[in-house]
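Below are a few friendly notes to read alongside the structure.

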Amino acid sequence: MKLVDANELARRFTHHAPATPERANAHATVRGACAGLAATIVDHCPPGREQALALTAIEEAMFWANAAIARQS
């Protein structure tokens with residue numbers, strides 16, 4: 001039994017252009033908020049593993065937030 005079918009794979013790995021101006025704005029808002037947080041981390045945390053992991057976590061959060069916007073029905 002396959003848990004992920006071809007339609008689900010296509011949904012996950014296909015580019016989802018913003019369907020509306022509101023969605024494009026939502027993507028931009030998420031990117032801006034994440035960029036601001038990333039800049040704060042760089043400004044206030046010493047370079048090193050912890051800073052790098054914090055920045056990676058922000059990138060992951062941005063990815064998933066934008067995926068939620070893009071993949072909505």
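Which residues make up the largest nonpolar core?

1. This is a predicted model, and its largest nonpolar core consists of 6 residues: V30, C34, A38, I41, I58 and I69. Two or more residues of this core come from each of α2 and α3. The biggest contribution is that of α2, with 4 residues. In soluble globular proteins, nonpolar side chains tend to be buried together.

2. Helix α2 covers residues 21-44, 24 residues in total. From first C-alpha to last, α2 reaches 35 Å, close to the 34 Å expected at 1.5 Å a residue.

3. The buried residues of α2 are worth a look on your screen. They are R23, H27, V30, C34, A38 and I41. The cover over these buried residues of α2 includes α3 (49-71).

4. Leaving aside residues up to four places away in sequence, I69 touches R23, A26, H27 and V30.

5. A search of the whole structure turns up 1 aromatic pair. F63 and W64 form this pair, which is edge-to-face, with 4.8 Å from centre to centre and 80 degrees between the planes.

6. Is W64 buried or exposed? W64 counts as exposed because its relative accessibility is 54%, above the 50% cut-off.

Note on methods. Residues are numbered from 1 along each chain as its sequence is written. This is a predicted model: local features need pLDDT of at least 70, side-chain atom pairs count only at pLDDT 80 or more; totals for chains, interfaces and linings use all residues. Side-chain values use heavy atoms; hydrogens and water are left out. The expected span of a helix is 1.5 Å times one less than its number of residues. Buried means under 20% relative accessible area, exposed over 50%, partly exposed in between (1.4 Å probe, protein chains only). Contact means heavy atoms within 4.5 Å. Rings of Phe, Tyr and Trp (its six-membered ring) pair if their centres lie within 6.5 Å; planes under 30 degrees apart count as stacked, over 60 as edge-to-face and the rest as tilted. A nonpolar core is a set of buried Ala, Val, Leu, Ile, Met, Phe, Trp, Tyr and Cys residues joined through side-chain atoms within 4.5 Å.
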